[in-house]
Structures are given as structure tokens and as C-alpha cells.
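These entries record what I looked up in one protein model.

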Amino acid sequence: KGIPSIVVTFDVDANGILTVSAEEQLPAKGGKAGAAGPKKSLVVKNAERLSADDINRMVAEADAAAAEDQRVRRCLDALADFE
């Protein structure tokens, strides 16, 4: 009967809740625009969100690790230049 045409939309609200919707686009008949077919939705709620303190702690840890990574990189670059 042809190739199915499905429109999928993703929406994340301010609370981090993801809503996924899929709607089949039915073929046009008699030169008219195609009609919308059945629509299904799925809502995904994040039950274990990180607190602002957890996020800030993780960012600080990442910054500290980045500084150490840069220090190690400079040492390795100096060693490579020496060889």
C-alpha cells in the first residue's frame, strides 16, 4: 500500500519530562491533503533528578579533573619534544 509516513515529535518541558508523540500521516485521496491517522503518545518522567548541589559538585569535579588533565598533557608533550 506504499510507504508509511509517520511524524514523530519530542518535547522536554521545564521539569525534564520527555513526551514523545507519533502520528501516522494517511495518504491523500482525490487531490486533497492527507489526513492525520492514529496518534500515540508516551510520557517519560525522570524520577531521580539531580539536585542543584549535586550538579554543582559534579561540575567542580570536572573542572578539577580538567586542570589535572592539562597538567599531564603538558608533561607528556614536553616528554615527546625531548625525545
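Entry 1, strand pairing. The model is a predicted one. I looked up how strand 1 (residues 6–12) and strand 2 (residues 18–25) are joined, and found seven bridges in an antiparallel arrangement. Within this pairing, I noted that Val8 has Ala22 of strand 2 opposite.

Entry 2, the hairpin. I then examined the link from strand 1 to strand 2, where five residues stand between the strands. Gly16 of this hairpin adopts a positive phi near 80°.

Which residues make the nonpolar surface patch of about 340 Å²? I list Leu50, Ile55, Met58 and Val59. I placed Met58 in helix 1, which covers residues 52–82. I recorded Met58 as partly exposed because its relative accessibility is 41%, and that class lies between the limits of 20% for buried and 50% for exposed.

I counted one helix and three strands in the protein chain. Read from the N terminus, their order is β-β-β-α. The protein chain has 83 residues, and I noted that 4% of them count as buried.

I considered contacts in the protein chain between residues at least 6 apart in sequence. Of these, 18% join residues at least 24 apart.

Definitions and conventions:
Residues numbered from 1 in each chain as written. Predicted model: local features only at pLDDT ≥ 70, side-chain atom pairs only at ≥ 80, totals over all residues. Heavy atoms only, no water. Pairing = 2+ DSSP bridges. Helix = DSSP H or I, 4+ residues; strand = E, 2+ residues; numbered from the N terminus. Patch = residues over 30% accessible without salt bridge, like charges linked within 9 Å, V, L, I, M, F, W, Y side chains within 5 Å. Areas by Shrake-Rupley, 256 points an atom, 1.4 Å probe, with all protein chains shown as cover. Salt bridge = Lys/Arg side-chain N within 4 Å of Asp/Glu carboxyl O. Buried < 20%, exposed > 50% of the residue type's maximum accessible area, 1.4 Å probe, protein only. Contact = heavy atoms within 4.5 Å.
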